[in-house]
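Welcome! Please take a moment to look at the structure below, and then read on for a short tour.

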Amino acid sequence: MVGAGFTEDAAGKAVKRFLGGESARPVGREPTAYVYDDCPVDGGNVIRAYDRDVKVVMRVRQPQVILFADVLSEDECDQMIARSRTRLARSTTVNGETGVDEVISNRTSEGAVFQRGEDALIDLLDRRTSALMNWPVEKGEGLQILRYGPGGEYRPHFDYFPPEDPGSWRHVEIPGQRVATLIVYLNDVEAGGATAFPEAGLSVAPKKGGALYFRYCNGAGQLDPLTRHCGELVTAGEKWIMTKWMRQRRF
Ligand SMILES: O=C(O)CCC(=O)C(=O)O
Ligand SMILES: [Fe+2]
C-alpha cells in the first residue's frame, strides 16, 4: 500500500482493519512536495478532441488547471440533462474510515452515472473527453451527472482518495488513484455555483458547454493538495454538471 502512495499510517490502519488485530505503529514520514511533471493535455490553443475542436480559454500551472470552451454543444448539454432527470438519486460521499458510500450533508446534489459506452451519445462523450484529457478511454470512470438546486453545494474536498483515509484503499486497489477530473458545465447558472479552489485562490464560473480540467496525481503517484476544491452555493436557479474522472489504470 505504501508503494501505491498511501501514507504508512493509513496503510497501518487499513491492514489492521483487514486483519482485525494490532498493526505495528508506522514510523511517520514527511510528505514530499508535489512535483508538477508534464500534463498529458495537448499544449495548443485549439485541441482536436476525437470529433470536435475544443478551445483553450485559460491554463494554470500550479495546480494544473485548464479551462475549455465548447466541449459539448448546447444540444448535447440539453440532451444529457433531459436523459438524467429520470435517473437522479441523492449524491453520496466515500466515508474515509470505512470506504462505504454515504449520504452526508456536505454534498447537497443529486446524481446519475452512465456506464462507459452505454449508448451512442455516451460513447461519443467518453471518447471526446478522453481524447481531450489525452488519457485512455479504458482508464475513465463512467460519466457522472450532478444537479444542484438552489441552496445546493459541494463543500471543499479532494477528488483523489485521501491516502490517510483507510477506507480509500478499496477504491484504488485495482484501478489506482484518480489522476485528473473534467467537469463539463451543462447549463448557465443564474447565481452562484462557481467551482473554487480555496488554496489556489481560483474560482471558475459555470458556462454552458465549457469545461474545467484539473490534474492532481503525477507520474510518480504523488497527489497535489492545491487541487482541493468546492462547488459553491447555488443561490438562484439550477446547476447541472457532467464529470469525468480518470484513473491510473484500467477502470
Ligand atoms: O460542482 C462543482 O463545481 C464541483 C463538483 C465536484 O467537485 C465533484 O463532483 O467532484
Ligand atoms: Fe470534486
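Here is a briefing on the ligands, the metal site and some backbone details.

This is a predicted model, in which local features need pLDDT of at least 70 and side-chain atom pairs count only at pLDDT 80 or more, while totals for chains, interfaces and linings use all residues. Residues are numbered from 1 along each chain as its sequence is written, chains are lettered from A and ligands numbered from 1 in the order in which they are written, and side-chain values use heavy atoms, with hydrogens and water left out.

**Around ligand 1**

- Oxygen atoms of ligand 1 come to 2.6 Å from a side-chain N or O atom of Tyr 148, to 2.5 Å from one of Thr 195 and to 2.9 Å from one of His 229.
- The protein covers 100% of the 290 Å² of accessible area that ligand 1 has on its own (by the Shrake-Rupley method with a 1.4 Å probe).

**The iron site**

- His 157 (NE2), Asp 159 (OD) and His 229 (NE2) coordinate the iron ion, ligand 2, at 2.0 to 2.1 Å (donors are N, O and S atoms within 2.8 Å of the metal, or 3.2 Å for Na, K and Ca; water is not among the atoms, so sites may look incomplete).
- Along the sequence, these donors follow the spacing H-x1-D-x69-H.
- Distant parts of the chain are linked here, with His 157 in strand β9 and His 229 in strand β15, 72 residues apart.

**Backbone details**

- Most residues other than glycine have a negative phi, and most peptide bonds are trans.
- Gln 62 and Pro 63 are joined by a cis peptide bond, with omega about 0°, and Pro 63 is in the loop between β2 (52-60) and β3 (64-69).
- Tyr 50 has a positive phi, near 60°, and is found in the loop between β1 (46-49) and β2.
- Asn 134 has a positive phi, near 50°, and lies in the loop between α3 (120-133) and β8.

Note on methods: A polar contact is a pair of N or O atoms within 3.5 Å; within protein, one must be able to donate a hydrogen and the other to accept it, and residues adjacent in sequence count only if both atoms are side-chain atoms. Helices (H or I, at least four residues) and strands (E, at least two) are DSSP runs, numbered from the N terminus.
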